[in-house]
Amino acid sequence: MEETNSNKDPISEKTEEESENKQLEYPVHPSDVLPEERVNFWKLFKENWLSILTDCLTFGSFGMGVAFLGPTLFDLGCQTSSDLKDMNWVIFAQLVMTLVGSISAGCLAKRAVPVYVLLLIGMVGLPLFMYLVPSCTVFAWLLVDLLLMGWCMGCLDCVANLRMIMRFGTNVTPFLQAMHFFYGLGAFISPMIAAPFLVNIDCTPLVDGVTSSSNSLRITRAQHLSKSRTAFVILGSIQLLITFIVVTVVTLEKMNIIKTGAYVSQSTSQHSLKTAALEKDERGGVSLKHIIIVTIMASISLFIYDGIQSSFGDYIYSYAEKSINNLRKEEGAFLNACFWGCFAFGRLLAIPLATRLTSLFMLSINLGGVLGASTLMLIFHTDKTVIYIGVCSLGLFLSSMTPTAISLAEQFININPSITSCLVVCAALGESLCPIIVGNLFALIGPPTFLTFCLSATILAVIFYVLLVLIGRRTIKYKEKPRTSFIFLYERKKAGESSLIMPSSLKYYSKMQEEPEENLQLGPIKSTSTE
């Protein structure tokens, strides 16, 4: 009996060694080692639901911080006795600081700063600076406060995406969709909370006019009429509640009281070292060329996607007012609401779709829908019915492009903190720079240039999508994966894989190559001797 138990199965020993080496190469979720079974996303959610919800709430808080500034711009201008020109610089400065926050968070995460520390810093800072906004009665104070808030938002943007990608790897698509849906939900709720407390009086004529006691009195009156302080207190309180939840969950994760995804609580510098081995090619060198090209293609794509989204959201109201026939004044605002409503619904719809469809197929459908809607609106640019259809279609198809593109990039390369920062920064650059380009074209040439820009950007996005796919399919990571359908998320058995091992046995064996029958020796998986 002792001799029987001491014998080791040579195949088992070999596959266990391969499995151990594979785990050192890059983090995989247990579902990744089941090539013959469909990934059970519901099971993944149940295993990590608290951590997933925490990251989603984090992104919702981030969305609230992004969306509050636009509706409150006039009231903040009166509060600080600043004209609209100065307040527009505040928006631009905050966007720039958001980029700095994303870059610095990625660099700090790569330099052995734990991800959860960066998460806690961003979550504590965001409600703090939101509470301080009503106290900033001087323009310089408000500028500093919003710059610090922008850094916290950029940090959260990078860290939340990174945590989710590190947790699920190539199975991240539906969870990224859910997280970005919460961003849209936060951005939708924030203006609605602020609206009842605002007076929306533009104090620019009073500030820029000749200084007089009457102008000063009118500015003071506008300051007293505004109840924006209440709006900021409510927004800050919601963010503070989310912060308490995040701190509690992170503390429980660190105490190992609740389960979280692999590598999330570790320093991502260790994660980067473990993922580096995956990129070795057949000759033993590191295929940096593919990593760089895929990162550049994905970054440019995100720049275009977020650029179209922000440009359309900012200028569809102005375009509707100036170009559409028989459009009532209040319909412009309704058209804008249709776009963001369909945008939020599209992100919600993308969550279940991402559990059934591949990122490659979803992004191709998105691009096709945006291309068709943009072409239709440009051809019939004065028809109200066509514009309504096009706006709703654009909101629906644009909604899931950014998270889907990030998921697609993860199928080709391992996304580390540096790559995450690059993707997030490029997306934020597109979101901030493209509206400036559209605004200048809108003023210099005319409203039709708005739709022309959107169509041209979409055509460019299609080109970079094709290039991304062509390059991505040549990466080592993609070649090592089992071949999947272009449309559906199921995996086919590789040629050369043994059919002797059933899916239920894959917990012991990761992968086996076919061998000649005379060389094949099977040992017992587990001794059944009763002696």
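User: In this predicted model, does S310 count as buried or exposed, and at what relative accessibility?
Analyst: S310 lies in helix α13, which covers residues 288-323. A residue is buried when its relative accessible area is under 20%. S310 falls under that cut-off, so S310 counts as buried, at a relative accessibility of 7%.

User: Which residues is S310 in contact with, leaving aside its neighbours within four places in sequence?
Analyst: S310 belongs to α13. With neighbours within four places in sequence left aside, the contacts of S310 are G430, E431 and P435.

User: What share of the residues of the protein chain count as buried?
Analyst: The protein chain has 20 helices and zero strands. Among contacts with a separation of 6 or more, 81% are between residues 24 or more positions apart. Of the 531 residues in the chain, the share that count as buried is 50%.

User: Which residues touch the most other members of the largest nonpolar core?
Analyst: In soluble globular proteins, nonpolar side chains tend to be buried together. Here the largest nonpolar core has 109 residues, and the two that touch the most other members are F312 and F450. Helix α7 (residues 139-168) gives the most to this core, with 16 residues. The names asked for are F312 and F450.

User: How many residues are in the second, separate core?
Analyst: Members of this second core include A350, A354, L357 and M362. Its number of residues is five.

User: How do the residues in the contact of α18 with α19 divide by class?
Analyst: Helix α18 (residues 417-444) packs against helix α19 (residues 448-472) at an angle of about 140°, with axes 8 Å apart. Their crossing is right-handed. From α18 come C434, I437, V438, L441 and F442, and from α19 come T449, F450 and F453. By class, this contact has seven nonpolar, one polar and no charged residues.

User: Why is α3 roughly antiparallel to α11?
Analyst: Helix α3 (residues 41-67) and helix α11 (residues 228-254) have axes 10 Å apart and pack at an angle of about 150°. That angle makes the two helices roughly antiparallel, because angles over 145 degrees count as roughly antiparallel. The value behind the answer is about 150°.

User: How many nonpolar, polar and charged residues are in the contact of α3 with α11?
Analyst: The crossing of these two helices is left-handed. Among the α3 residues in the contact are L50, S51 and T54, and among those of α11 are L235, I238 and Q239. The residues of the contact divide into nine nonpolar, six polar and one charged.

User: What is the phi of S81?
Analyst: S81 is in the loop between α4 and α5, and S81 is partly exposed, with a relative accessible area of 38%. Most residues other than glycine have a negative phi. S81 is a residue other than glycine with a positive phi, near 55°.

User: What distance separates the C-alpha atoms of F74 and L84?
Analyst: F74 is found in helix α4 (residues 73-79). F74 is partly exposed, with a relative accessible area of 31%. F74 and L84 are ten residues apart along the chain, and their C-alpha atoms are separated by 7.4 Å.

Technical notes:
Residues numbered from 1 in each chain as written. Predicted model: local features only at pLDDT ≥ 70, side-chain atom pairs only at ≥ 80, totals over all residues. Heavy atoms only, no water. Axes fitted to C-alpha atoms, helices over the stretch in contact; angles between N-to-C directions. Helix = DSSP H or I, 4+ residues; strand = E, 2+ residues; numbered from the N terminus. Parallel < 35°, antiparallel > 145°, perpendicular 65-115°, else oblique. Left-handed = near helix turned anticlockwise from the far one by under 90°. Contact = heavy atoms within 4.5 Å. Nonpolar A, V, L, I, M, F, W, Y, C, P; charged D, E, K, R; others polar. Core = buried A, V, L, I, M, F, W, Y, C linked by side-chain atoms within 4.5 Å. Buried < 20%, exposed > 50% of the residue type's maximum accessible area, 1.4 Å probe, protein only.
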